[in-house]
Amino acid sequence: MSVAFSRIARSSAVHMGVAFLAMGGWAFFANRGHPMPRPLLAAVVQGLLSACITLFLKRVLEWLSLRLPGLAGLFLPPAIAFLVSVVLLSTIHRLAGTPEILTTIVVPLTVATSYAAIYTYTLWRARP
């Protein structure tokens, strides 16, 4: 792979853009049965939330896993990530008037929690 491709692949902006498009696209699909602009608003809200979560999730997991001893460092970071994500996503979608909140957040929540669990496990195993 080229150096340019490697830089793009590690770019936070690229990861945020992919999260925005993928999860925003899902939100549009999840709300497609409702009249416009509901699906579009749900897509923009979810896209922005996913981009922000993508930016901060990795850093928060690293911070938590370094500070929590033993098995707490393995189980609490993804559990906290799940709880914060579900509260944030459901609250903001409710405020935005998203019609299909549960359907809208289930995929982004599953992806974020799966990532949190896998990444936290990787960090936990690498501990001295």
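Me: What kind of crossing does α4 make as it passes α5?
Reply: α4 passes α5 in a right-handed crossing. This is a predicted model.

Me: Why is α4 called roughly antiparallel to α5?
Reply: Helix α4 (residues 72-96) and helix α5 (residues 101-125) pack at an angle of about 160°, their axes 9 Å apart. Angles over 145 degrees count as roughly antiparallel. Therefore α4 is roughly antiparallel to α5.

Me: Which residues in α4 and α5 meet?
Reply: On the α4 side they include Leu74, Pro77, Phe82, Val86, Leu89 and Arg94. On the α5 side, Ile105, Leu109, Tyr121 and Trp124 are among them. By class, the contact has 14 nonpolar, seven polar and one charged residues.

Me: What makes the pair Glu62 and Lys58 a salt bridge?
Reply: The closest N and O atoms of Glu62 and Lys58 are 2.8 Å apart. The cut-off is a Lys or Arg side-chain nitrogen within 4 Å of a carboxyl oxygen of Asp or Glu. The pair therefore qualifies as a salt bridge. By this rule the count comes to one salt bridge.

Me: Why are Glu62 and Lys58 separated by about one helical turn?
Reply: Because they are four residues apart in helix α3 (residues 38-67).

Me: Which elements of the protein chain have the lowest and the highest mean pLDDT?
Reply: Helix α1 (residues 3-10) has the lowest, at 67. α4 has the highest, at 96. The protein chain averages 92, and 95% of the residues score at least 70.

Terms used:
Residues numbered from 1 in each chain as written. Predicted model: local features only at pLDDT ≥ 70, side-chain atom pairs only at ≥ 80, totals over all residues. Heavy atoms only, no water. Axes fitted to C-alpha atoms, helices over the stretch in contact; angles between N-to-C directions. Helix = DSSP H or I, 4+ residues; strand = E, 2+ residues; numbered from the N terminus. Parallel < 35°, antiparallel > 145°, perpendicular 65-115°, else oblique. Left-handed = near helix turned anticlockwise from the far one by under 90°. Contact = heavy atoms within 4.5 Å. Nonpolar A, V, L, I, M, F, W, Y, C, P; charged D, E, K, R; others polar. pLDDT = per-residue confidence, 0-100.
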